[in-house]
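Grab a pencil and have the viewer open. Here are some exercises to work through, each with its solution.

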Amino acid sequence: MATEKLTGPSSSVSILEAAVKISHTSPDIPAEVQLSMRDHFLRRTRMSRQTTEPASSNRHSSFKRHLPRQMHHVTSLDRGSDYLDVDEQPTSIGGIKPELYKQKALEPDESSKNGSKACGRINFSLKYDYENEALLVNVLKAFDLPAKDFCGSSDPYVKIYLLPDRKQKFQTRVHRKTLNPTFDESFQFPVPYEELGGRKLHMSVFDFDRFSRHDMIGEVILDNLFETSDLSRETFIWKDIQYATSESVDLGEIMFSLCYLPTAGRLTLTVIKCRNLKAMDITGYSDPYVKVSLICDGRRLKKKKTTIKKNTLNPNYNEAIIFDIPPENMDQVCLHISVMDYDLVGHNEVIGVNRVGSNAEGLGRDHWNEMLTYPRKPIAHWHPLLEVKKSEKEWKARTASFDSQGSCPSPRPPSSP
């Protein structure tokens, strides 16, 4: 202590300089080795800083690319100083496998694609009871139904009709959480044997839902009950369930004939009869009549109608409706046929519609072309009645007033813009 007090400021400065000189330089270590050790130290410091700080500022926008990097950083904390000495090997732990997510995304598309073609199969049997005059329908089981619930299953049940009568229907029990239900339930439809030729068996498969509307899985329609046998003994049938979003309603059929006279320019439509019409009244019957409209270039030119038949679902008319149409306008016209239910109070209701003409679809176009191929000859066909579409309702609202003579004018030239 005495010596320290005796020494002056100059001695203390020299001692500090010596210490600083020893700590900064070393004559025994080459300068190249010192630079390499310094770079090694800085690189180690930088890597250790990355273990605690985010490696990327946009990690929310590149989550898929950034997550594996974070997992590597977590493993580096456990190994400590070995992180720089040992090469990092990629592992599957904590990494995202795109193929797994791609497979999950394709599953709904595949199921919807399959659902649009087929919705499984159903097995049932038919037999006619001659003593009780009734058709026995035994719903046995269904196979490979589509899943309608989030859990990958369904709660199926079946509704059965014997068309055209929709007042009497039967329903099976609901089977919980299964795609291959076994129903094994029998139902009896009282019907004379002679009427079976005009009846259709309609089965609709539904998925039960306690808190919302039941989802329709599909339907099966057997047009010919004698398709496989005369039903004198039990006949087992397998049918594909056709995809449907709502129950198809059988509105009935109409038979009419078409005849065209080119020399006179006269088109004759004869309404012959209807069968199995939908009941529109509370009595279980309808008061049907037929209305025919002549359409030319999108405008209704003329409409005519038949007489009204009271309290029947199978009316007979045999009434002719005549329109005057020049031969050069036959490609521009079509006939819109509506079967109506007359109501004394309120508006008359549409039972079903049909359309024939060169611009019609399916049987309506074929019937029209056959009439033109064989002029002066009545051509008769049955046509199924269809539901009124929204586009047809809009068309009715836009139709102009029609010509009292019922003749189709020559086409108008397009209006200038």
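**Exercise 1.** How do the residues of the lining of the largest pocket divide into nonpolar, polar and charged?

*Solution.* Before we start: this is a predicted model, where local features need pLDDT of at least 70 and side-chain atom pairs count only at pLDDT 80 or more, while totals for chains, interfaces and linings use all residues. Residues are numbered from 1 along each chain as its sequence is written, and side-chain values use heavy atoms, leaving out hydrogens and water.

Step 1: know the classes. Ala, Val, Leu, Ile, Met, Phe, Trp, Tyr, Cys and Pro count as nonpolar, Asp, Glu, Lys and Arg as charged, and the others, Gly among them, as polar.

Step 2: sort the lining. You get six nonpolar, six polar and seven charged residues.

**Exercise 2.** Find where aspartate 207 sits, then decide: is aspartate 207 buried or exposed?

*Solution.* Step 1: look in strand β6, residues 200-207. Strands here are DSSP runs of E with at least two residues, and helices are runs of H or I with at least four, both numbered from the N terminus.

Step 1: check the accessibility. Aspartate 207 counts as buried because its relative accessibility is 0%; the cut-offs are under 20% relative accessible area for buried, over 50% for exposed and partly exposed in between, with a 1.4 Å probe and protein chains only.

Step 2: compare chain and space. Aspartate 207 and lysine 148 are 59 residues apart along the chain, yet their C-alpha atoms are separated by 6.9 Å.

**Exercise 3.** Which faces does β14 have, and how is β14 joined to β11?

*Solution.* Tyr317, Glu319, Ile321 and Phe323 form the covered face of β14, while Asn316, Asn318, Ala320, Ile322 and Asp324 form the uncovered one.

Step 1: β11 and β14 run antiparallel, joined by seven bridges; strands pair if DSSP finds at least two bridges between them.
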